[in-house]
Amino acid sequence: MEAVPRPVPPGPCSRWPAENGEVIRQIVERAGDKWAVFAISALQDGPLRYTDLQRAVPGVSQRMLTHTLRQLRRDGLVTRTSYPEVPPRVEYALTGLGTTLLSAVTPLIDWAGTHHDEIAAHRARFDAGTPPSS
C-alpha cells in the first residue's frame, strides 16, 4: 500500500500574492536584522545624532550602523536630516512607517531580555552534548 502524502500547511506568505513573496522576504530580512531592530528601537523616543545612536546600540560598528541606517532610509523607515551648522549636525528619526515597526521589535527585544538566562542555559547544555530537557 502506497503512503498518501500529508498536505503541506500554508506558509507564512500564503496570504499574499505569490509575486510579492520575494519583496516580503526582503522586508522581513531587513526588519528582523539585529542592527535594524536595535536602531529602530533606539529611535523610538525621537531623533538622535549619529554618535548618540551608536552609543544606544552597543556592539555595532560604525560601518555596520552606517550600512543599516542607509538600508532603513532606502526602505522609508528612517529619515536623515543634515543641519548646516559648524560643526555639521546630522540626525536620524523614524518615519511614520518606521514607527509602525516598534510594535513588532519592542516585544521581540523584551522577549529576548526576559528569556536570555533560559536560552543561555539551553545553549550551554546543547554545546556540552547534554540531551535537551522538556
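## Core, helix packing and salt bridges

Leaving aside neighbours within four places in sequence, alanine 39 is in contact with Leu53, Val57 and Leu72, where contact means heavy atoms within 4.5 Å. Alanine 39 is found in helix 2; helices (H or I, at least four residues) and strands (E, at least two) are DSSP runs, numbered from the N terminus. At 0% relative accessibility, alanine 39 counts as buried. Buried means under 20% relative accessible area, exposed over 50%, and partly exposed in between, with a 1.4 Å probe and protein chains only. Between alanine 39 and isoleucine 109 there are 70 residues of separation in sequence and 12 Å in space, C-alpha to C-alpha.

The model is predicted: local features need pLDDT of at least 70 and side-chain atom pairs count only at pLDDT 80 or more, while totals for chains, interfaces and linings use all residues. Residues are numbered from 1 along each chain as its sequence is written, and side-chain values use heavy atoms, with hydrogens and water left out.

**The nonpolar core**

The largest nonpolar core has 23 residues, and those with the most contacts inside it are Ile40, Leu53, Leu69, Leu72, Val78 and Tyr92. Such a core is a set of buried Ala, Val, Leu, Ile, Met, Phe, Trp, Tyr and Cys residues joined through side-chain atoms within 4.5 Å. Two or more residues come from each of helix 2 (34-42), helix 3 (50-56), helix 4 (62-74), strand 3 (89-94) and helix 6 (102-127). Helix 2 gives the most, with six residues. Not counting residues up to four places away in sequence, leucine 53 touches Ala39, Ala42, Leu43, Leu48, Leu65, Leu69 and Tyr92.

**Helix 2 and its partners**

The axes of helix 2 and helix 6 come within 10 Å and cross at roughly 110°. Axes are lines fitted to C-alpha atoms, for helices over the stretch in contact, and angles run from 0 to 180 degrees between N-to-C directions. Helix 2 is therefore roughly perpendicular to helix 6, a class that covers 65 to 115 degrees; angles under 35 count as roughly parallel, over 145 as roughly antiparallel and the rest as oblique. Val37, Phe38, Ile40 and Ser41 of helix 2 meet Leu102, Val105, Leu108 and Ile109 of helix 6.

Helix 2 and helix 4 pack at an angle of about 75°, with their axes 10 Å apart. Helix 2 is thus roughly perpendicular to helix 4 as well. This contact is made by Trp35, Ala36, Ala39 and Ile40 of helix 2 and Met64, Thr68 and Leu72 of helix 4.

**Salt bridges**

The structure holds five salt bridges, each a side-chain nitrogen of Lys or Arg within 4 Å of a carboxyl oxygen of Asp or Glu. The table lists some of them.

| Arginine 30 | Aspartate 75 | 2.8 Å |

Aspartate 75 is partly exposed, with a relative accessible area of 30%.

Glu85, Arg89 and Glu91 are linked in a network of salt bridges. Arginine 89 is buried at 19% relative accessible area, and glutamate 91 is buried at 17%, whereas glutamate 85 is partly exposed at 37%.
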